[in-house]
Amino acid sequence: MKKSDSLPSSAALQAAHLIERLGRVLRAGDHATGLNPVQAEALRYLGRANRFSRTPAALADFLGSTRGTVSQTLLALEAKRLIRRQANARDGRSVTLALTKAGTEYLKSDPVRTLAASIDASGADARLAEYLGATLREAIVQRGGRTFGACNTCRHLRRDQSRGAAPHYCALLQEPLSDIDVSSICAEQQDGPQVRP
Ligand code: SF4
């Protein structure tokens, strides 16, 4: 019998219900800031994604949503002056998305930061993040979605301190990467051992 076929323990079930409740509380917090939960999630994504992944298509994959739904979300965020579209330097036929100053300010008082402060205070931050990350990845893979990992865990990352202002490099996209890029999430990320240059 597979592990997923067996009945979960009552503690595991309670933890799953608590996570679901926590999500509901966060979504209520989003409404209180004047955004619907999908708009708030899109804004958070744009605050965390690297420059290759701030596109409408990658956002749709991240949200597990259709391009049409994402288009409506982006129109609403543009109307609120929280994001802007700009020409994609890598592909002139598409656009990239960027936070405006107001969008960046919004994220400074994001309800998620309040939750992060509580987790910080509990002292369970690193272990909890690792556990929830693995659980989320499993749930996304089971649904055939993309997992969007952090650049600094990707097998395509090359670290090269001799490059000065851009001390890292992406072997897949063949682009230089800054320290900020490396701590961002990416649509192309693939877990695996990194190759030393
Ligand atoms: S190294 Fe991996 S995660 Fe980083 S930009 Fe390249 S593909 Fe994306």
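The entries below go from the whole chain down to single residues.

**Ground rules.** I am working with a predicted model, where local features need pLDDT of at least 70, side-chain atom pairs count only at pLDDT 80 or more, and totals for chains, interfaces and linings use all residues. I number residues from 1 along each chain as its sequence is written.

**Whole chain.** I began with the secondary structure and found 8 helices and 5 strands in the protein chain. Both are DSSP runs numbered from the N terminus, helices being H or I with at least four residues and strands E with at least two. Along the sequence I read the pattern α-α-α-α-β-β-α-α-α-β-β-β-α. I then boxed the C-alpha atoms along the principal axes and got roughly 50 × 45 × 35 Å.

How much of the protein chain is buried? I find 18% of the 197 residues in that class. For my own reference, a residue is buried if 20 or more other C-beta atoms lie within 10 Å of its own, exposed if 12 or fewer, and partly exposed in between, with C-beta atoms placed from the backbone.

I also looked at contacts, where two residues count if their C-beta atoms, placed from the backbone, lie within 7 Å. Of the contacts with a separation of 6 or more, 53% join residues 24 or more positions apart.

**Domains.** I looked up the domain assignment and noted domain 1 (11-115) and domain 2 (149-197); such bounds come from an automatic or database domain assignment. Their centres, taken over C-alpha atoms, are 23 Å apart. Where the two meet, 8 residues of domain 1 are in contact with 8 residues of domain 2. On the domain 1 side of this meeting, I list 3 nonpolar, 2 polar and 3 charged residues. In this scheme Ala, Val, Leu, Ile, Met, Phe, Trp, Tyr, Cys and Pro count as nonpolar, Asp, Glu, Lys and Arg as charged, and the others, Gly among them, as polar.

**Ligand shell.** Which residues are around the ligand? I noted Asn-50, Phe-52, Cys-151, Cys-154, His-156, Leu-157, Cys-170, Leu-172, Leu-173, Cys-186, Glu-188 and Gln-189. A residue qualifies as near if its C-beta atom, placed from the backbone, lies within 6 Å of the molecule. Sorted by class, this shell has 8 nonpolar, 3 polar and 1 charged residues.

**A sheet.** Next I traced an open sheet of 3 strands, in the order β3-β4-β5 with antiparallel pairing. Strands pair if DSSP finds at least two bridges between them. β3 (157-159) and β5 (175-177) are at the edges with a single partner strand each, so one side of each has no neighbour in the sheet. On average, neighbouring strands of this sheet are turned by 30 degrees against each other, direction ignored.

**Arg-51.** I found Arg-51 in the loop between α2 (37-48) and α3 (56-63). Why is Arg-51 partly exposed? It is so classed because 19 other C-beta atoms lie within 10 Å. Neighbours within four places in sequence aside, Arg-51 is in contact with Thr-96 and Asp-181.

**Two positive phi values.** I checked the backbone of Arg-81, which is not a glycine, and found a positive phi of about 60 degrees. Arg-81 lies in the loop between α4 (67-79) and β1 (83-87). With 11 other C-beta atoms within 10 Å, Arg-81 is exposed. Phe-148 also has a positive phi, near 55 degrees. I place Phe-148 in the loop between α7 (125-142) and β3. Is Phe-148 buried or exposed? Phe-148 counts as buried, since it has 20 C-beta neighbours inside 10 Å.

**Helix α6.** Last, I looked at Val-112 in helix α6 (residues 111-122). Val-112 is partly exposed, with 15 other C-beta atoms within 10 Å. Beyond its neighbours within four places in sequence, Val-112 is in contact with Leu-26 and Arg-44. Thr-114 is in helix α6 too, and it counts as exposed with 11 C-beta neighbours inside 10 Å.

Note on methods
Axes fitted to C-alpha atoms, helices over the stretch in contact; angles between N-to-C directions.
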